[in-house]
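Please read the following report alongside the sequence and the coordinates.

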Amino acid sequence: MSTSDDEVTLAEAFARVPRQRFLPEHQQGWAGSNIPLEIGCGQTNSQPSTVADMLSLLGVEPGQSVLDLGSGSGWTTALLGMLVGGRGRVIGVERHRELLDSAIIACDGLGIESIEFAEAVAGTLGLPERAPFDRILVSAEAAELPSSLVEQLRVGGVMVIPVSGEMLRVERTGKAAEDVSITRHGRYRFVPLIEE
């Protein structure tokens with residue numbers, strides 16, 4: 001099942017990337033439940049409705065370059081890989097090596113060639129050396145909007161990030177980091193975003 005240049009809908013991506021394979025064995029029986037599930041290292045695999053909300057807001061298109069920050073189990077990275085297709089690229093960044101290793105194993109065999117994983121660098125948010133990105137998905141809660149991540153978006157790019165309990169859709173509108181258009185999309189709970 002390799003990704004192609006054909007557009008994949010969000011529903012098709014969810015159907016092709018089963019949540020179960022990204023969960024620890026003792027959690028796999030809960031894969032179909034709309035609840036967050038612990039995956040180790042104090043992290044969770046977000047509930048499917050939250051992931052769907054975030055991906056809908058992100059509006060990923062085929063061929064885009066996407067940063068998945070706080071990739072955790074790798075499920076969202078794989079979903080994004082389906083959405084960008086064979087011409088796109090998705091980089092999942094995770095600070096916990098154990099989760100990174102299990103995410104790579106979980107993605108193996110899915111035939112999604114557009115994804116790769118990287119270990120987070122202490123003191124750095126994202127992957128500034130690989131920027132700019134068309135889309136950035138952040139699956140951890142920031143206390144305030146990180147300008148360092150806005151700077152990694154290309155002009156016209158979109159980031160979806162929970163900030164102080166509220167889901168934000170941030171579109172970069174100009175060259176300066178403060179040149180953004182922000183819309184707010186309800187309350188959500190996430191693990192904290194950590195830089196160090």
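## Salt bridges

D101 is partly exposed, with a relative accessible area of 33%, where buried means under 20% relative accessible area, exposed over 50%, and partly exposed in between (1.4 Å probe, protein chains only). Its side chain meets that of R97 in a salt bridge at 2.8 Å, N to O, a salt bridge being a side-chain nitrogen of Lys or Arg within 4 Å of a carboxyl oxygen of Asp or Glu. R97 is likewise partly exposed, at a relative accessible area of 39%. Both residues lie in helix α4 (residues 97–107), four residues apart, which is about one turn of the helix; helices (H or I, at least four residues) and strands (E, at least two) are DSSP runs, numbered from the N terminus. R97 and D101 are also linked with E119 in a network of salt bridges.

The structure holds six salt bridges, and another of them joins R130 to E116, with the closest N and O atoms 3.0 Å apart. This pair links distant parts of the chain, since R130 is in the loop between β5 (115–119) and β6 whereas E116 is in strand β5, 14 residues apart. R130 is partly exposed, with a relative accessible area of 31%, and E116 is partly exposed with a relative accessible area of 31%. The side chains of R169 and E171 meet in a salt bridge at 3.6 Å, N to O; R169 is partly exposed at 24%, and E171 is partly exposed at 28%.

## Basis of the values

This is a predicted model in which local features need pLDDT of at least 70 and side-chain atom pairs count only at pLDDT 80 or more, while totals for chains, interfaces and linings use all residues. Residues are numbered from 1 along each chain as its sequence is written, and side-chain values use heavy atoms, with hydrogens and water left out.

## Helix α3 and L83

Helix α3 (residues 75–84) is mostly covered, with 10 of its 10 residues buried. Among them are W75, L79, M82 and V84. The helix is followed by G85, whose phi is positive, near 70°.

L83 is found in α3 and is buried, with a relative accessible area of 8%. Leaving aside neighbours within four places in sequence, L83 is in contact (heavy atoms within 4.5 Å) with V8, T9, L10, A13, L55, V60, E61 and P62. L83 and S114 are 31 residues apart in sequence and 9.8 Å apart in space, C-alpha to C-alpha.

## R135 in strand β6

R135, placed in strand β6 (residues 133–138), is buried yet has no salt bridge, the nearest side chain of opposite charge being that of E61, 4.4 Å away. For charge, Lys and Arg count as positive and Asp and Glu as negative, while His and the chain ends are not counted. The side chain of R135 reaches the backbone oxygen of G59 at 3.2 Å. Beyond neighbours within four places in sequence, the contacts of R135 include L58, V60, Q64, L67, L153 and V158.

## Cysteines

How many disulfides does the structure hold? It holds zero, a disulfide being a pair of cysteine sulfur atoms within 2.5 Å. The sulfur of C41 is 16 Å from the closest cysteine sulfur, that of C107, and is therefore too far away for a bond. C41 is partly exposed, at 33% relative accessibility, whereas C107 is buried, with a relative accessible area of 8%.

Terms used. Polar contact = N/O pair within 3.5 Å; in protein donor to acceptor, adjacent residues only side chain to side chain.
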